[in-house]
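Reader: Could you take me through how a sheet and an interface are read from a model?

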Amino acid sequence: MSYITKSPWVIHYDGSSCNGCDIEVLACLTPMYDVERFGIINTGNPKHADIFLVTGSVNEQNIPVIKQIYEQMPKPKVVVAIGICATSGGVFRECYNIMGGVDTVIPVDVYVPGCAARPEAIIDGVVKGLGVLAEKRARLPQELAEERAQRLAVSEADEAEAVITVEIPGDAKAAAEKGDGQNV
Amino acid sequence: MSKRTIIPFGPQHPVLPEPVHLDLVIEDERVVEAIPSIGYIHRGLEKLVEKREFTEMVYVIERICGICSFGHGWGYCKSVEGNMGIVVPDRAEFLRTIWHELSRMHSHLLWLGLLADGFGFESLFMHSWRLRETVLDIFEKTTGGRVIFSVCKLGGVRKDIDADGLKEIVKLLAGMKAEIKELTDVFLEDYSVKNRLVGVGVLSRDEAAELCTVGPMARASGLRQDIRLDGHGAYAKLAFEPAVEEDGDCHARCKVRVRELFQSIDLITQCAESMPDGEISVPVKGSPSGEFVARMEQPRGEAYYYSIGNGSKFLERMRVRTPTNMNIPAMVKTLQGCDLADVPMLILTIDPCISCTER
Amino acid sequence: MSEEKHLMQEIIPIEVSELLDRVQDMKEAGYRLGQLCAAKAGGQFHLLYSFDKDCALTNLKLPVKDGEPIPSITGVYWPAFIYENEIQDLFGFQFKHLALNYNGKFFKVAEPTPWNPKQKEG
């Protein structure tokens with residue numbers, strides 16, 4: 001069983017989908033395909049979710065909704081675009097109210113083609129997403145360290161700027177820098 | 001007087017997989033007013049007629065909604081066929097009727113599942129969706145697709161079902177009857193389910209007529225209103241009487257849909273038994289140049305398809321009016337004065353389809 | 001003949017001045033509002049009001065000029081507010097005495113009045 005590393009929890013959002021892919025996502029959870037038996041759960045809370053399933057293309061109304069869900073999800077996270085509309089806008093690409101695929105708003109890791117995407121394809125996409133999730137998890141400590149370093153660099157720069165603008169006398173500035181160094 | 005509060009409902013919420021937004025004005029636990037606003041799924045697909053030829057447009061119209069996809073395709077074809085004066089062969093009309101009634105079954109089973117989920121009966125939801133898979137298997141076997149199968153085309157249908165195939169469908173559906181009965185008996189007879197549905201969201205016959213409701217919503221309030229009565233497709237040749245209930249509450253709406261499940265099985269069986277021989281499509285020549293309003297009885301109610309042609313390959317206008325559009329006013333009215341906890345039930349029992357509404 | 005009902009339909013051209021009376025007549029005759037939509041055909045805008053009674057379809061076709069306010073029929077058929085708001089948002093026509101007016105906030109669209117873009121042309 002060592003190859004089963006995790007049972008991801010998924011969150012689903014319907015962009016401007018026609019429902020076709022949405023009912024197929026739900027069909028994955030119901031008795032015929034039943035991914036719940038592997039511990040995969042469809043959650044409504046973005047903070048519980050590992051994998052974000054997006055169906056349908058993006059219109060201006062749901063850009064903030066998709067962004068909010070994505071940003072609230074903890075790292076590592078994977079986005080799976082389900083169906084051709086989520087991939088590129090599909091048949092609705094030229095509609096006046098459609099911006100395009102989900103990747104116009106957030107980074108997408110796995111694209112599942114189909115109109116509507118079949119449950120087998122959706123499950124396959126989620127399994128592919130698991131691989132991406134593992135990679136991301138492996139990279140996570142390094143990524144976090146880099147982010148931290150960047151944050152520090154930014155805050156140091158801010159501090160240096162602040163120091164210059166308020167013109168703190170030389171001694172205090174040196175002390176502040178020293179103190180900062182200790183904290184790190 | 002108690003204080004009024006506004007609760008925003010949606011766009012992301014647990015009742016429907018689709019984003020819909022309602023502002024509920026409540027006083028304590030009672031809803032005083034509900035204000036719908038839409039636009040989360042608006043794609044503007046009607047305007048694609050300017051970019052797609054009328055023969056290709058059927059694929060776009062089928063993708064208005066993945067649940068009643070076949071009916072939308074048929075409605076569009078009917079509108080353009082009426083526009084061009086095309087007479088569709090009988091066999092094609094019978095086949096269309098079979099697929100349309102199967103779509104109704106899959107839609108109603110899906111709806112029963114969502115309703116069960118709405119009142120917190122998870123296993124009932126699972127059973128409804130399990131039964132629905134049999135219908136999807138029939139779709140897959142006869143057309144190759146599960147939910148969107150593009151089998152309807154201008155002038156007829158793309159695929160035929162042979163005599164053995166028809167027999168098999170009838171056999172499968174007959175086998176489903178007992179299981180559907182067992183399932184729907186819980187919906188109609190179970191004490192705790194009835195507790196959630198009976199007497200909730202009553203819409204009287206007069207109100208239903210005044211608010212111009214359509215489909216199961218109208219029939220549950222005692223209106224004998226069903227576009228299948230106008231004799232399109234094979235319906236004129238089938239024995240058919242719409243399911244009408246009098247109570248007008250959520251339970252009646254559930255009952256209408258349950259009766260329609262069995263009615264669909266009956267209609268498909270009749271179609272299979274009296275299936276005429278012949279061609280399944282006629283060639284389409286020329287371009288539409290008039291205007292025509294076609295109507296369909298979708299699982300959710302009456303839908304309009306209005307096409308205007310100008311003699312070119314591109315239609316001037318294609319307008320689709322879907323059933324949910326016409327049921328929103330009734331939903332707004334029934335929500336006034338209901339308990340906050342019953343809001344999901346009331347929204348679900350109109351069987352809203354947001355991607356249909358917004359197109 | 002009930003079999004042919006789906007092929008029978010009347011499309012009656014009317015004028016703005018007689019709209020409310022005609023709609024009132026339909027209501028009194030027991031018709032139910034089926035739908036209301038706007039369209040542009042042959043360079044001319046028109047509205048189509050569809051009414052149904054026992055599966056018999058009657059349509060009123062009203063030519064409209066851009067920018068000219070149209071009387072709302074919500075006083076007769078309240079549910080028409082859905083369509084009138086939709087037409088306001090997508091076509092930019094104005095309805096007078098609209099019972100429930102969202103003032104352009106019913107359909108949230110990326111560009112205003114996509115079916116009748118004034119800004120771009122003008």
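The dialogue below turns to a sheet and then to an interface.

Author: Please keep in mind throughout that this is a predicted model.

Reader: In what order do the three strands of the open sheet in chain B lie?

Author: Strands of a sheet pair through backbone hydrogen bonds, either parallel or antiparallel. Here the open sheet of chain B has the order β6-β7-β8, and the pairing is antiparallel. Because β6 (291-298) and β8 (317-321) of chain B each have a single partner strand, they stand at the edges, and one side of each is left without a neighbour in the sheet. From one strand to the next the twist averages 15°.

Reader: Over how many bridges do β6(B) and β7 of chain B pair?

Author: β6(B) pairs with β7 (residues 301-308) of chain B over eight bridges, in the antiparallel sense, and B:A294 stands opposite B:Y305 in β7(B). Helix α2 (residues 69-84) of chain B lies across β6, β7 and β8 of that chain, running at about 155° to β6(B).

Reader: What area is buried between chain C and chain B?

Author: The size of an interface is often given as the accessible area lost when the parts come together. Between chain C and chain B about 3700 Å² is buried, with carbon and sulfur atoms giving 59% of it, and 46 residues of chain C are in contact with 43 residues of chain B.

Reader: How many salt bridges does the rule find across this interface of chain C and chain B?

Author: The rule finds five salt bridges between chain C and chain B; one of them joins C:D52 to B:R295, with the closest N and O atoms 2.3 Å apart. On the side of chain C that touches chain B, β2(C) gives the most, with ten residues, and by class that side has 27 nonpolar, nine polar and ten charged residues.

Key. Residues are numbered from 1 along each chain as its sequence is written. Chains are lettered from A and ligands numbered from 1 in the order in which they are written. This is a predicted model: local features need pLDDT of at least 70, side-chain atom pairs count only at pLDDT 80 or more; totals for chains, interfaces and linings use all residues. Side-chain values use heavy atoms; hydrogens and water are left out. Two strands pair if DSSP finds at least two bridges between them. Helices (H or I, at least four residues) and strands (E, at least two) are DSSP runs, numbered from the N terminus. Axes are lines fitted to C-alpha atoms, for helices over the stretch in contact, and angles run from 0 to 180 degrees between N-to-C directions. Contact means heavy atoms within 4.5 Å. Buried area is the accessible area (1.4 Å probe) that two parts lose on being put together, summed over both. A salt bridge is a side-chain nitrogen of Lys or Arg within 4 Å of a carboxyl oxygen of Asp or Glu. Ala, Val, Leu, Ile, Met, Phe, Trp, Tyr, Cys and Pro count as nonpolar, Asp, Glu, Lys and Arg as charged, and the others, Gly among them, as polar.
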